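Hi everyone, thanks for making time this morning. Let me put the structure up, and then I'll walk you through it strand by strand.

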Amino acid sequence: MQTCCLPARSAAAPDGAPAWCTRRPARHAAQRPPSRKRQELATPKWYDKINFATGNLPMSVQPGVQFNGKMYHSGEFKGTVACGMRSHVVFKPAMAFNSEKGLQMTCDGCELQDADIWPPMWIIFTKQFELGLMGMPQMLMKGDFGGLEKATLGFEMRPYVNITVTRDGNATEGSASTKKLIAYPFRVMGLAASGFGKSYVVKVNASGNTVSTSKGINWGTVTYRDYVSKFDLGNLPEKDVLNQDMTVSLYEVDGSTETLLGSGVYTCTSLMRSQCHPSPAIVTITSSDNSEVAAVELAVVWDESPDPWFASHIRGVALSFPSVQLKDPLAGQVQSSSGNGTAGPAETQAVAKRPGWL
């Protein structure tokens, strides 16, 4: 066996080395470049322009298509495929020498006796493995629409084929991992009555757990900025989050009396980036006679740490006034309107509620 060792920067064989001892680039270490056909499909192909007018508004549209795709896998996969055969082989070789033709070797027959053939067998070592092929075709359209020049519009579809191998009796990530489920009703819309005399509370019930907002006044819409921890429905696996009914109830609070105005049901059917979609969800509140009372915007997040998501989506500004002093003659007007005959400056205190999304 002959070996050849070259410096890292050498491109030719050293003196005295055989001709085969040349340095070849390590193509296996670099990523394989895409094929020419794939590059052609990934490049948008534009067709002829279509010029038309809508009334006095000229338009020019140029359609196009683009194809792309990728393969993906998730999880570890170890597998073995084997087949075998056992037999007794009988050979009948013959060898002859001729001064004119030289040495000749033949085999008159080959017979297999007591042959046993084992069919292909396979074994897989994995907890969960996914292999898929995803296509990403796009329908493109560019053109001039009125005053908009070189505007481009695209529609992308993602059809995919997925193969999943899961070992029975072993919990996978999708079914075993538990995360916090937060159902945050942050806005009520469509209430008929408004004013300071009444306030409103929203309650969410799921799997026997109930969370409730604080009291809110209707300023056209009722907005809640409570702490996220108030709406924690517990740690649940993904299978318990999907297709689970959540009952959203709206109450009117007058003093210490709560009156049920109506309720609605929300079901999370899909999760994307730890959010139930569509996000936020609009839950219609209906009364006992099936009339629509209001609509509640509900954000449902299933994540190990949901606070950053709510901090980036819910904003609040708070103002605090330690004291407000009213001087004459404004103080006298306020006192006369309230029926208090005491003269002198009036002092009141107003503290705004701080935002509570953390």
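Let's begin at a strand pair: β17 and strand β18 (residues 257-267) run antiparallel and are joined by 10 bridges. For the terms, helices (H or I, at least four residues) and strands (E, at least two) are DSSP runs, numbered from the N terminus, and two strands pair if DSSP finds at least two bridges between them. Within this pair, Val-253 sits opposite Glu-258 in β18. The two strands make a hairpin with 2 residues between them, and Gly-255 in that turn has a positive phi of about 75°.

Before I go further, a word on what you are looking at. This is a predicted model, where local features need pLDDT of at least 70 and side-chain atom pairs count only at pLDDT 80 or more, while totals for chains, interfaces and linings use all residues. Residues are numbered from 1 along each chain as its sequence is written, and side-chain values use heavy atoms, with hydrogens and water left out.

How confident is the predictor? The chain averages a pLDDT of 76, and 76% of the residues score at least 70; pLDDT is the predictor's confidence in each residue, from 0 to 100. Please be careful with two stretches. Over residues 1-30 pLDDT stays under 50, and the model has 16 contacts for them beyond four places in sequence. Over residues 337-358 pLDDT also stays under 50, with 54 such contacts. Contact here means heavy atoms within 4.5 Å.

Now the overall picture. The protein chain has 5 helices and 24 strands. Of its 358 residues, 23% count as buried, where buried means under 20% relative accessible area, exposed over 50%, and partly exposed in between (1.4 Å probe, protein chains only). Among contacts with a separation of 6 or more, 61% are between residues 24 or more positions apart.

Back to β17. Is this strand enclosed or open? It is largely enclosed by the rest of the structure, because 7 of its 10 residues are buried.

As general background, nonpolar side chains in soluble globular proteins tend to be buried together.

Let's zoom in on Val-188. Leaving out residues up to four places away in sequence, Val-188 touches Val-202, Thr-221, Val-222, Tyr-224, Leu-250, Ala-294, Ala-295 and Val-296. One of these, Val-222, is its bridge partner in β15, and β11 and β15 pair in the antiparallel sense over 3 bridges.

β11 has other partners too. With β22 it pairs in the antiparallel sense over 9 bridges, and Leu-181 has Trp-302 as its bridge partner there. With β16, β11 runs antiparallel and is joined by 4 bridges, with Ile-182 opposite Asp-232.

On to the rings. A search of the whole structure finds 3 aromatic pairs. One of them is Tyr-184 with Phe-231, a tilted pair at 4.5 Å centre to centre with 45° between the planes. Rings of Phe, Tyr and Trp (its six-membered ring) pair if their centres lie within 6.5 Å; planes under 30 degrees apart count as stacked, over 60 as edge-to-face and the rest as tilted. This pair links distant parts of the chain, 47 residues apart: Tyr-184 is in strand β11, and Phe-231 is in the loop between β15 (221-223) and β16. Tyr-184 is buried, with a relative accessible area of 0%, and Phe-231 is buried, also with 0%. Ring pairs link Tyr-184, Phe-231, Trp-309 and Phe-310 into a cluster.

One last stop: Asp-144, in strand β8 (residues 138-145). Asp-144 is partly exposed, with a relative accessible area of 31%. Asp-144 and Ser-60 are 84 residues apart in sequence, yet 5.2 Å apart in space, C-alpha to C-alpha.
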